[in-house]
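User: I would like to learn how to read a protein model feature by feature. Where should we begin?

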Amino acid sequence: MIRRFETRDLDEVMSLWLHANIESHSFIEADYWKKNYDMVRKLIPEAEVFVAEENEKIQGFIGLTDTYIAGIFVKAKEQSKGIGTELLRTVMKLKDQLNLNVYKKNMRAVVFYQHRGFKIVNQKIDENTSEEEYTMEWHRQAGGKNEDSNCLCVCTSWKYKETGGENCRGM
């Protein structure tokens, strides 16, 4: 079941955020994510967040700031079961366009988004990690239909809210 984030979800969401980032971004030191933990913990309740829940356990979540996807996270053991796709579908129904940043080395995430109609529109270096990242965009097609397929775990950025979209980095 997909539902809106509630304050009681924060600890479980943050645990998932930290573990997913460390697992998905082996090319970035784990300390980077640990140092950003408190800042992200403050930003999540301010964002538009949806959680995927089964048996009262959060399996994944997606966070938005306006049309910017700050991140999609799915528990490792729950990946490739359609959870990420359902989370993304939820926000695609609400928005006419979406954008995000994703690390170039996170090819699983890049392919996930490309299969769902996102296009790479820019490439730059993330100043915080010195890693290359893509900016990707999605626009609703005429008639409201877009591509869709399987789930993968993907992560982007919570820095958007803090910086107003400047210097956002892939998560």
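Analyst: Begin with helices. Helices (H or I, at least four residues) and strands (E, at least two) are DSSP runs, numbered from the N terminus. The expected span of a helix is 1.5 Å times one less than its number of residues. This is a predicted model, in which local features need pLDDT of at least 70, side-chain atom pairs count only at pLDDT 80 or more, and totals for chains, interfaces and linings use all residues. Residues are numbered from 1 along each chain as its sequence is written, and side-chain values use heavy atoms, with hydrogens and water left out.

User: What span should helix α1 have, and what is the distance between its end C-alpha atoms?
Analyst: Helix α1 covers residues 10–24, which is 15 residues, so at 1.5 Å a residue it should span 21 Å. Its end C-alpha atoms are 21 Å apart, which agrees.

User: How many helices and strands does the chain have?
Analyst: There are five helices and eight strands. Read from the N terminus, the order of elements is β-α-α-β-β-β-α-β-α-β-β-β-α.

User: What share of the chain is buried?
Analyst: Buried means under 20% relative accessible area, exposed means over 50%, and partly exposed lies in between (1.4 Å probe, protein chains only). Of the 171 residues in the chain, 51% are buried. In α1 the buried residues are Leu10, Val13, Met14, Leu16, Trp17, Leu18, Ala20 and Asn21.

User: Which residues have the most contacts inside the largest nonpolar core?
Analyst: A nonpolar core is a set of buried Ala, Val, Leu, Ile, Met, Phe, Trp, Tyr and Cys residues joined through side-chain atoms within 4.5 Å. The largest one here has 23 residues, and Ile69, Leu88, Leu98, Tyr113 and Phe118 have the most contacts inside it. Two or more residues come from each of β2, β3 (57–65), β4 (68–74), α3 (83–94), β5 (97–103), α4 (107–115) and β7. The element that gives the most is α3, with five residues. Apart from this core lies another, of 22 residues, including Phe5, Trp17, Leu18 and Trp33.

User: What does Leu98 touch?
Analyst: Contact means heavy atoms within 4.5 Å. Not counting residues up to four places away in sequence, Leu98 touches Leu64, Thr67, Ile69, Leu88, Val91, Met92, Phe118, Met136, Glu137 and Trp138. For the chain, 68% of the contacts with a separation of 6 or more are between residues 24 or more positions apart.

User: How many bridges join strand β6 to strand β7?
Analyst: Two strands pair if DSSP finds at least two bridges between them. Strand β6 (residues 119–125) and strand β7 (residues 132–139) run antiparallel and are joined by six bridges. Lys119 stands opposite Glu137 in β7, and Gln123 has Tyr134 as its bridge partner there. In this hairpin six residues lie between the strands, and Ser130 takes a positive phi near 65 degrees. Strand β7 also runs antiparallel to β5, with seven bridges joining them; Tyr103 stands opposite Glu133 in β7.

User: Which side chain makes a polar contact with the side chain of Thr129?
Analyst: A polar contact is a pair of N or O atoms within 3.5 Å; within protein, one must be able to donate a hydrogen and the other to accept it, and residues adjacent in sequence count only if both atoms are side-chain atoms. Thr129 is in the loop between β6 and β7, and its side chain makes such a contact with the side chain of Tyr103, at 3.4 Å. Thr129 counts as buried because its relative accessibility is 17%. In another example, the side chains of Glu53 and Arg3 are joined by a polar contact of 3.0 Å. Glu53 is found in strand β2 (residues 48–54) and is buried, with a relative accessible area of 14%.

User: How many aromatic pairs are there?
Analyst: Rings of Phe, Tyr and Trp (its six-membered ring) pair if their centres lie within 6.5 Å; planes under 30 degrees apart count as stacked, over 60 as edge-to-face and the rest as tilted. By this rule there are eight aromatic pairs. The ring centres of Tyr32 and Trp33 are 4.8 Å apart and their planes are at 80 degrees, so this pair is edge-to-face. Both residues, Tyr32 and Trp33, are buried. Together with Trp17 and Tyr37, Tyr32 and Trp33 form one aromatic cluster.
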